[in-house]
Amino acid sequence: MVKKQSPLHVVGVSVLMVLLCSVNYSLCEKIKTYKLTRGSLSVTFTNYGAVMTSLLLPDRHGKQDDVVLGFDTVDGYKNDTTYFGAIVGRVANRIGGAKFKLNGHLYKTDPNEGHNTLHGGSKGFSDVIWSVQKYVPTSHITFTYDSFDGEEGFPGNVTVKVTYMLIGENKLGVKMEAKPLNKPTPINLALHTYWNLHSHNSGNILSHKIQLLAGKITPVDDKLIPTGEITSIAGTPYDFLEPREIGSRIHELPGGYDINYVIDGPIGKHLRKTAVVTEEVTGRKMELWTNQPGVQFYTSNMMKRVVGKGKAVYEKYGGLCLETQGFPDSVNHKNFPSQIVNPGESYLHVMLFRFTAH
């Protein structure tokens, strides 16, 4: 027999839920999926992690394929360790020693990768439920999240907003915004999409050609923490100033590519062309512009037998990431562009993708 709950108990639960929702609205949000479509471009999202779950593109013959690695269900993203398609933050990439000093105060962040912090900690922005502020299926969707003071060790309350927008017939814009409300804090958001322009389930990306318009990198130690140097890529396997296959020199590196490139040209309000990726079999081409100083080029070196969409098995080198960003661990390197944003100031990160097929 099921014990009937008293009206007082029901009222108590309701009051508790109202209080919880007032503290953290995301607790009361439902996880849903959303789709943007215009012409031959179709992109889907979920408000869990503000994740881009798929992107359908035609090849040179008009055949549509999904070129984004991911999962069929939200549960896949909840248990994900690869950050497929997610918005990562409050500080993307790594913070060495999971700590930094700001205005004389030592902040300790969540050490979720050994002694370091990766992509905001154990429960960064990729693992929270975002609110949907606006959704127009033929145009754009805007996700919002309120990050609280002390979340994963970061100071201050911060309002965050991410808008995905279709531009024309073949462009996808991504605008990431954030505002600190009461304390200075580091902010460095990134979109962690894994691309395979042949199709998400077609094997590795080693035959893709890439051009990176960046003549320098920020070298790292064996834990992938920057040393603080900024060095030229001339004569090294990192040189993609001219287009060449990703796999052409990858054997010269331990594991593959996972490095921050310093994008050429002055940092300012204007977007700079950052990368061009082409896939010869399908004829697909992806161009990327951004207003950020760096881009992390990652060839999914640590991926191993991840079961994804349609029971596809993703292996090492199964996708490539181009995460435009501030430099990794900049909070601990004064010579890197600062990621500190003060109350009254705004953080703005823009990406623009252009897709074609020839």
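## Ground rules

Because this is a predicted model, local features need pLDDT of at least 70 and side-chain atom pairs count only at pLDDT 80 or more, while totals for chains, interfaces and linings use all residues. Residues are numbered from 1 along each chain as its sequence is written, and side-chain values use heavy atoms, with hydrogens and water left out.

Let us start with some neighbouring strands. Strands here are DSSP runs of E with at least two residues, and helices are runs of H or I with at least four, numbered from the N terminus. Two strands pair if DSSP finds at least two bridges between them. Strand β2 (residues 41-46) runs antiparallel to β3 and is joined to it by five bridges, with Val-43 opposite Leu-55. Four residues separate the strands in this hairpin, where Gly-49 takes a positive phi near 75 degrees.

Burial is worth a look here; a residue is buried under 20% relative accessible area, exposed over 50% and partly exposed in between (1.4 Å probe, protein chains only). Six of the eight residues of strand β3 (residues 51-58) are buried, so β3 is largely enclosed by the rest of the structure.

## Strand β22 and its partners

Strand β22 (residues 284-290) is also mostly covered, with six of its seven residues buried. Seven bridges link β22 to strand β21 (residues 272-279) in the antiparallel sense, and Val-276 faces Glu-287 in β22. The hairpin of β21 and β22 has four residues between the strands, and Gly-283 there takes a positive phi near 80 degrees. β22 also pairs with strand β28 (residues 347-357), antiparallel and over seven bridges; Arg-284 stands opposite Ala-357 in that pairing.

## An open sheet

Five strands make an open, antiparallel sheet in the order β18-β17-β20-β23-β26. Its edge strands, β18 (231-232) and β26 (321-325), each pair on one side only. Strand β17 (residues 216-218) is joined to β18 by two bridges, with Ile-217 opposite Thr-231.

## Nonpolar cores

A nonpolar core is a set of buried Ala, Val, Leu, Ile, Met, Phe, Trp, Tyr and Cys residues joined through side-chain atoms within 4.5 Å. The largest one holds 61 residues, of which Leu-55, Tyr-164, Tyr-261 and Leu-322 touch the most other members. Strand β12 (residues 158-167) supplies the largest share of this core, five residues. Apart from it lies another core of 15 residues, including Ile-129, Tyr-298, Val-306 and Tyr-314.

## Aromatic pairs

Rings of Phe, Tyr and Trp (its six-membered ring) pair if their centres lie within 6.5 Å; planes under 30 degrees apart are stacked, over 60 edge-to-face and the rest tilted. The whole structure has 23 such pairs. One of them joins Phe-71 and Tyr-77, with centres 5.2 Å apart and planes at 85 degrees, so this pair is edge-to-face. Phe-71 is buried at 12% relative accessibility, and Tyr-77 is buried at 5%. Trp-130 and Tyr-145 form a tilted pair, 5.8 Å centre to centre with 40 degrees between the planes. Trp-130 lies in the loop between β9 (117-118) and β10 (131-136) and Tyr-145 in strand β11 (residues 140-147), so the pair ties together parts 15 residues apart in sequence. Both Trp-130 and Tyr-145 are buried.

Phe-71, Tyr-77, Phe-84, Tyr-194, Tyr-298 and Tyr-314 form one aromatic cluster.

Tyr-34 sits in strand β1 (residues 33-38) and is buried at 12% relative accessibility. Contact means heavy atoms within 4.5 Å; beyond residues up to four places away in sequence, Tyr-34 touches several residues, among them Val-43, Phe-45 and Tyr-135.

His-208 belongs to the loop between β15 (190-192) and β16 (209-212) and is buried, with a relative accessible area of 1%. Leaving aside neighbours within four places in sequence, the contacts of His-208 include Arg-244, Glu-279 and Leu-320.
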